[in-house]
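This report concerns one chain of a two-chain model and its contact with the partner chain. Please consult the sequence and coordinates shown here alongside the text.

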Amino acid sequence: MADLITHGAAAILVKAGSGWRHVPVFVAGTLAPDVFSRVPAIITGLVHVHLVALPTQAMTIWQPLHQPVGMTLLAYLLCLFFEVSVRRAVFWNLLGGMAVHLALDLLQGHHGAGYLLAFPFSGVSFELDLVGSESTVWFSLPLALLALVVARRRQSQAAG
Amino acid sequence: MLLVGLGVHFAQTSEARDVGYAAALRSPDQRDGVRLLFPLWTVTHIRNANMYEISKTVLDVPVSGSSEGLKRGDTVTVMGHFRASDKAVIASQRVDHPLRPAKAILSILALIFAGVLAPRFFALTDGRLVLRG
């Protein structure tokens, strides 16, 4: 996973170039895979390593929420919390944000431990291995500033 | 239900796969020399200059390889081979991840920022989320 500032900034820039509607939902969608998959896996992992041994499942059960099939189900589940009139738009924007998230993560390399894109239909992993897993740290803040400038410009265009 | 089922299926599939260090421990003699990969594991003990331990899903996996520059809590990726005699991993390559804490801090900042801004864009009305603006 790239850091979440990079993910959020990338989502804003993608949205700025493709229509400025439901941006917060799109950004929420791009944060969701890590919030619902990586965060609980990291927390249970820290507990397992530093406090008390947990069953392996406690750390691995979250992984499908960072894979296309799980993301689609997650987007559907989350859109059910919204009022009926916006559910369709919320679903597609959440899913779009998740797709941007996955596309960014796929650029990374983990020395062969890639992403299971077709789980549960296939166990084959994939990643493009173009950048290291921490490479985004160096450009996350400049990217966030750029996203902020672009967002303000698009917001004022939308208002005017 | 589908999401929970998918998660349980993934956990069971991961455990049943006959690869990795856990599989090597189940049948060490058959797995002697097998190639292993430990992406982003935590250093939990430094035994000496040539032996350290890493943890993630499995705790305290002994790694035979230089521990130079390592300290407890560091994140490393280790590639190596399983040695059945002492159940250790003979490291052929080690990649350090010194920027891992910075990446975690950036992600935590993003989550705090998102949490602070969320009420500006989402509201709760009659038990349903409503888009604002």
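## Basis and overall form of chain B

The model is predicted. Chain B contains 3 helices and 7 strands; read from the N terminus, its elements follow the order α-α-β-β-β-β-β-α-β-β.

A compact globule of 133 residues would have a radius of gyration near 14 Å, whereas the value for chain B is 21 Å. Along the principal axes, the C-alpha atoms of chain B fill a box of roughly 65 × 35 × 20 Å. Buried residues account for 25% of the 133 residues in chain B. Of the contacts in chain B between residues at least 6 apart in sequence, 43% join residues at least 24 apart.

## Domains

Two domains are assigned in chain B: domain 1 spans residues 20-97 and domain 2 spans residues 99-133. A distance of 37 Å separates the C-alpha centres of domain 1 of chain B and domain 2 of chain B.

## Helix α1 of chain B

Helix α1 of chain B comprises 15 residues (residues 2-16). At 1.5 Å a residue, α1 of chain B should span 21 Å, and this agrees with its end C-alpha atoms, which are 21 Å apart.

The buried residues of α1(B) are B:L6, B:F10, B:A11 and B:S14. Because they cover an arc of only 130° around the axis, they lie on the same side of α1(B). An α-helix has 3.6 residues a turn, so residues three or four places apart point the same way. The face of α1(B) turned away from the buried side carries the exposed residues B:L2, B:V4, B:G5 and B:A16.

## Contact with chain A

The contact between the chains as a whole takes 38 residues from chain B and 35 residues from chain A. On the side of chain B that touches chain A, at least two residues each are supplied by α1, β1 (35-48), β4 (75-83), α3 (100-121) and β7 (128-131) of chain B. By class, this side of chain B has 23 nonpolar, 10 polar and 5 charged residues.

Methods. Residues are numbered from 1 along each chain as its sequence is written. Chains are lettered from A and ligands numbered from 1 in the order in which they are written. This is a predicted model: local features need pLDDT of at least 70, side-chain atom pairs count only at pLDDT 80 or more; totals for chains, interfaces and linings use all residues. Helices (H or I, at least four residues) and strands (E, at least two) are DSSP runs, numbered from the N terminus. The expected span of a helix is 1.5 Å times one less than its number of residues. A residue is buried if 20 or more other C-beta atoms lie within 10 Å of its own, exposed if 12 or fewer, and partly exposed in between; C-beta atoms are placed from the backbone. The arc is that of the directions from the helix axis to the C-beta atoms. Two residues are in contact if their C-beta atoms, placed from the backbone, lie within 7 Å. Ala, Val, Leu, Ile, Met, Phe, Trp, Tyr, Cys and Pro count as nonpolar, Asp, Glu, Lys and Arg as charged, and the others, Gly among them, as polar. Domain bounds come from an automatic or database domain assignment. The radius of gyration is taken over C-alpha atoms; the globule rule is 2.2 Å times the number of residues to the power 0.38.
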